Amino acid sequence: MTKPRSGEGFAPVLLKSFVTLATCCALLIPAAAQVTAIHAGKLIDPDSGTVLTAQTILIRDGKVEAVGNNVTIPSNAKIIDLTKLTVLPGLIDCHTHLADGAHDSEPMGVFRKTAAELALESVPNARVTLESGFTTVRDVGTYRALGDIALRDAINRGDIIGPRMYVAGAYVTITGGAGADTGLAPDITLPWDMHYGEANSPWEVRQVVRKLAHDGVDHIKVLSSGAVLTHGSNPHSQEFTLEELQAAVDEASHFGLRVESHAHSPEGIKNAIRAGVASVEHASLIDDEGIALAKQHGTYLDMDIYDEECIQEQGKLGKMPKDFLEHDAQLGQIQRDNFRKAVAAGAKMSFGTDAGVCPYGVSAKQFAFMVKYGMTPMQAIQAATSNAADLLGHSNEFGSIKPGKYADIIAVTGDPLTDIHALETVQFVMKEGKIYKQ
Ligand SMILES: [Zn+2]
């Protein structure tokens with residue numbers, strides 16, 4: 001995402017062309033860098049877990065240049081007054097599915113759409129996610145492989161508006177597993193992009209990881225237990241062997257990629273942790289041994305404890321498939337109780353919502369549930385900022401408002417440390433120094 005500075009590359013050509021000195025130099029002087037100064041009433045620093053007051057944030061070329069109460073502001077700086085608001089680093093959702101098209105509780109819907117329809121329907125998902133305060137997402141799989149890469153790249157080119165995306169490309173799953181497009185008769189042949197990540201041995205897992213790395217993914221998503229929202233799946237089951245999961249983590253490491261694993265069942269969770277994944281997604285039925293293992297290995301638990309609300313709500317409206325509701329029975333409450341246990345035990349926690357299960361743009365509603373189930377408001381904010389950046393391996397680029405990091409900045413009315421619901425209505429959104437909501 002490093003853009004060449006204007007002027008670079010042109011200079012030698014211009015000098016060789018014997019234009020007049022005046023013309024030459026006028027062309028060579030780059031446009032003045034955009035400088036912005038934000039005055040923040042309160043500034044939350046998740047790195048130290050503190051709140052600073054009367055801070056000025058100086059932003060140049062999309063990055064934070066300085067933060068403090070005695071920052072010299074250049075005369076050409078654009079001033080933004082957020083003194084009446086609480087300013088925070090841009091939020092990070094570590095578990096989204098932005099490339100799955102319009103929100104739909106029935107995955108069979110994917111068979112009624114072309115890949116192009118899904119891609120175009122995903123454009124507003126990206127926009128509402130950014131406008132709700134999430135400047136970065138880790139997107140963890142899509143029904144049609146590589147659609148997430150296209151979405152990420154369109155955002156990076158500036159063609160469409162959305163958060164910075166880190167994408168998985170496809171689900172690495174066993175045949176008929178939690179990440180498979182299931183529900184059709186066995187004699188129907190799926191297009192290549194609906195079974196791209198299927199693998200059934202350590203070597204097949206390695207082959208899939210190699211393909212995805214070549215395709216340009218940012219991380220690898222494996223599924224080590226059955227799922228709630230997949231036809232013919234059982235969330236209490238175990239998928240992949242320890243050996244297959246170790247193959248995924250090892251092969252991914254050859255490309256500098258981290259692995260996250262979807263897992264509900266205790267054995268699926270523990271296999272993934274033992275294999276060395278960076279995070280366990282859902283972790284619904286994690287037991288005491290699993291929590292201890294997560295702590296020992298430094299594995300993040302990325303528990304989506306809000307979306308139970310949407311699953312039940314859709315169920316009441318008759319919009320959620322019956323088998324999904326059966327899979328989900330009691331799982332939601334057990335997951336929330338286990339979230340409380342994991343927080344109390346001091347396991348590393350990140351913020352992930354499974355956006356796409358709930359409609360896009362409402363992910364911040366999970367914060368209140370994280371506080372209800374044992375986190376302090378600061379811990380919940382850290383899960384979605386400094387912890388999330390650490391999980392993604394990009395703490396030096398985002399996750400807090402510090403010199404050298406991207407100017408990913410949001411602001412809310414009120415104080416989220418006393419009323420966490422404040423994060424549900426974001427007033428100001430800046431990504432890489434550009435304002436998307438004010
Ligand atoms: Zn998911």
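1. Helices here are DSSP runs of H or I with at least four residues, and strands are runs of E with at least two, numbered from the N terminus.

2. Before going on, please keep in mind that this is a predicted model, in which local features need pLDDT of at least 70, side-chain atom pairs count only at pLDDT 80 or more, and totals for chains, interfaces and linings use all residues. Residues are numbered from 1 along each chain as its sequence is written, and side-chain values use heavy atoms, leaving out hydrogens and water.

3. Back to H12 (residues 331–345): its buried residues include Leu331, Arg336, Phe339 and Val343. Buried means under 20% relative accessible area, with a 1.4 Å probe and protein chains only.

4. Now look at helix H8 (residues 266–275), where 7 of 10 residues are buried. Among them are Gly268, Ile269 and Ala275. After H8 comes Gly276, with a positive phi near 100°.

5. Finally, find the open sheet of 7 strands, ordered S3-S2-S1-S4-S14-S15-S16 with mixed pairing. Its edge strands, S3 (63–68) and S16 (434–437), each pair on one side only. Two strands count as paired if DSSP finds at least two bridges between them. S1 (residues 35–45) and S2 (residues 50–60) pair in the antiparallel sense over 10 bridges, and Lys42 stands opposite Thr53 in S2.

Terms used:
Buried means under 20% relative accessible area, exposed over 50%, partly exposed in between (1.4 Å probe, protein chains only).
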